[in-house]
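Please look over the sequence and the model below, and then read the short report that follows on two residues and their surroundings.

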Amino acid sequence: MTTEHLPPMPGTTLEHLRPDQICDEPPALFSLGNVVATPPALALIQKYGASIPQLLNSHHTGDWQELCKEDRDTNWQAAFGDARVLSAFNIGSADHPVKIWIITEWDRSVTTILRPQDY
């Protein structure tokens, strides 16, 4: 049996795609489940002009900037296993850090955005 190669459908080659149709971000490593946040964390995010979608995207694509190597390694194992995933972000400055945590539970049912002191 031979197979016949069909020409690509219009709009499926890079020449036919608009820039807003091309995703160049890393894929999500796990599901976020329901996303919730503590009111103090939301107030800080608003005060410092951080973006919740950007923070969540970093969290679930493995961009765990503020974690030490040991915690990042633990997150990699957790992302593909059944443990909770923790991210820490500085939404302030280097001189005045303001930490926000994002935690996705082991069963991927819920992701919580919070301040460390809210834990």
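## Surroundings of threonine 104 and serine 31

In this predicted model, threonine 104 is in contact, once its neighbours within four places in sequence are left aside, with Phe30, Ser31, Leu32, His59, Arg84, Val85, Val110 and Thr111. Threonine 104 belongs to strand E3, which covers residues 99–104, and its side chain makes a polar contact of 2.7 Å with the side chain of threonine 111. Threonine 104 counts as buried because its relative accessibility is 0%, under the 20% that sets the limit for that class.

Serine 31, one of the residues that threonine 104 touches, is found in the segment before strand E1 (34–37). Leaving aside neighbours within four places in sequence, serine 31 is in contact with Thr104 and Arg108. A polar atom of the side chain of serine 31 lies 3.3 Å from the backbone nitrogen of glycine 33, while the C-alpha atoms of serine 31 and alanine 79, residues 48 apart in sequence, are 9.3 Å apart in space.

The two residues compare as follows.

| Residue | Relative accessible area | Class |
|---|---|---|
| Threonine 104 | 0% | buried |
| Serine 31 | 44% | partly exposed |

As for the protein as a whole, its 3 helices and 4 strands run β-α-α-α-β-β-β from the N terminus on. Of its 119 residues, 28% count as buried, and the accessible surface comes to about 8200 Å², of which 56% belongs to carbon and sulfur atoms. Among contacts with a separation of 6 or more, 56% are accounted for by residues 24 or more positions apart.

Key: Residues numbered from 1 in each chain as written. Predicted model: local features only at pLDDT ≥ 70, side-chain atom pairs only at ≥ 80, totals over all residues. Heavy atoms only, no water. Helix = DSSP H or I, 4+ residues; strand = E, 2+ residues; numbered from the N terminus. Buried < 20%, exposed > 50% of the residue type's maximum accessible area, 1.4 Å probe, protein only. Polar contact = N/O pair within 3.5 Å; in protein donor to acceptor, adjacent residues only side chain to side chain. Contact = heavy atoms within 4.5 Å. Areas by Shrake-Rupley, 256 points an atom, 1.4 Å probe, with all protein chains shown as cover.
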